[in-house]
Amino acid sequence: MTAQDSATASQRIAVATPPGTTAGTGTLQATLGVTAFSLTFPATAWGLEGFGPWSLVAVRSVLAALIAGTCLLALRVSPPDRRHVAGLAVVGAGVVVGFPLLTTLALQTSTTAHAAVVVGLLPLTTALFSALRMGTRPSRTFWTAALAGAAAVVAFTVQQSGGALTTADLYLFAALLVCAAGYTEGGRLARVMPGWQVIGWALVLCLPLSVPAAALALSYEPVRLTAHSVAGLLWVAAGSQFLGLVVWYRGMAAIGIPKASQLQLAQPLLTLVWSVLLLGEHLTVAAPLTAAAVLVCIAVTQRARG
């Protein structure tokens with residue numbers, strides 16, 4: 001998620017923070033958003049206990065689109081202008097389809113802790129795409145910190161994989177690229193429409209693809225409904241894909257972009273905590289150390305950009 005995603009949220013979002021909202025309430029809402037995102041990988045791991053990877057991603061997209069569509073209809077939001085459809089398609093391809101699918105495929109063989117460390121590079125990758133797409137020229141300090149963070153993650157993945165990248169690692173790095181592209185395009189669109197509507201319309205526009213994909217996947221992949229698999233599916237659909245974004249934008253509108261962005265730096269570390277508490281994974285020393293190193297690099301890039 002980029003800073004541009006929420007640049008206009010405080011002015012135009014239909015579910016914007018009410019006038020009487022305090023800074024404390026805004027901080028709580030932004031924190032809830034970060035917490036929702038940090039639970040995505042553990043919830044996906046739970047979902048994979050009962051669903052195949054293709055079924056999980058397709059059904060997740062359909063459920064999230066139904067929630068988003070209901071909100072858009074209830075608030076009588078006008079459809080986006082035709083000139084924004086191409087950009088929404090990029091958002092859908094990156095955030096609705098690409099990132100969930102690639103990370104879900106990776107989590108079939110990768111631990112959530114490992115995935116959290118690799119995907120901790122997302123803010124840096126998004127900043128790179130943003131610089132290329134928007135034509136900005138970050139400072140030398142920015143690029144030095146970004147490269148240092150990337151080097152730390154690559155070293156971690158190679159060390160954890162026994163000297164060579166695994167298929168799961170390739171899925172995760174590909175997920176970084178497509179999600180960064182989707183976030184960057186979403187940030188551009190958020191200048192002309194509220195950020196929650198960007199993801200809402202992207203989800204709805206993916207319905208012609210996600211509905212038949214869900215039907216096809218469910219016909220081929222066996223489904224075993226358990227408490228974990230159902231909870232995981234519902235969370236990634238409602239919490240991660242839509243509702244988490246709503247509270248995130250409301251909180252950002254109340255406390256401002258810089259403060260909210262600092263809260264998001266804790267997301268990879270939170271995922272490591274959930275991987276231990278919810279999945280019983282055992283962390284290597286390298287995982288939290290690499291996540292902390294990436295956090296420092298991201299903080300430096302934010303300061304350099306500011």
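This is a predicted model: local features need pLDDT of at least 70, side-chain atom pairs count only at pLDDT 80 or more; totals for chains, interfaces and linings use all residues.
**Exercise 1. The overall picture**

**Exercise 2. Into the core**

Task: Find which residues touch the most other members of the largest nonpolar core, and which helix gives the most to this core.

Solution: The largest nonpolar core has 48 residues, and the ones touching the most other members are V119, L122, L176 and L203. Helix 9, which spans residues 167-189, gives the most to this core, contributing nine residues. Now zoom in on V119: once neighbours within four places in sequence are set aside, its contacts are F41, F99, L172 and L176.

Now move on to T103, a residue of helix 5 (residues 85-106). Is T103 buried or exposed? The cut-off for buried is under 20% relative accessible area, so T103, at 4%, counts as buried. Leaving out residues up to four places away in sequence, T103 touches F41, L172 and A175. For its polar side, check the side chain of T103: one of its polar atoms lies 3.2 Å from the backbone oxygen of P100.

**Exercise 3. A charged pair**

Task: Locate the salt bridge and describe how accessible R83 and D81 are.

Solution: The structure holds one salt bridge. R83 forms a salt bridge with D81, and the closest N and O atoms are 2.9 Å apart. In general, side chains of opposite charge can pair when their charged atoms come close. For accessibility, R83 has a relative accessible area of 61% and is therefore exposed. D81 stands at 37% relative accessibility, so D81 counts as partly exposed.

**Exercise 4. Nonpolar residues on the surface**

Task: Identify which residues form a nonpolar patch on the surface with about 420 Å² of accessible area together.

Solution: The patch is formed by L218, V223, L225, V230 and L234. To place one of these residues, follow the chain to helix 12 (residues 227-255), where L234 is found.

Technical notes:
Residues are numbered from 1 along each chain as its sequence is written. Side-chain values use heavy atoms; hydrogens and water are left out. A nonpolar core is a set of buried Ala, Val, Leu, Ile, Met, Phe, Trp, Tyr and Cys residues joined through side-chain atoms within 4.5 Å. Buried means under 20% relative accessible area, exposed over 50%, partly exposed in between (1.4 Å probe, protein chains only). Helices (H or I, at least four residues) and strands (E, at least two) are DSSP runs, numbered from the N terminus. Contact means heavy atoms within 4.5 Å. Patches are made of residues with over 30% relative accessible area and no salt bridge: like charges are joined within 9 Å, nonpolar side chains (Val, Leu, Ile, Met, Phe, Trp, Tyr) within 5 Å. Accessible areas come from the Shrake-Rupley method with a 1.4 Å probe; for residues, only the protein chains shown count as cover. A salt bridge is a side-chain nitrogen of Lys or Arg within 4 Å of a carboxyl oxygen of Asp or Glu. A polar contact is a pair of N or O atoms within 3.5 Å; within protein, one must be able to donate a hydrogen and the other to accept it, and residues adjacent in sequence count only if both atoms are side-chain atoms.
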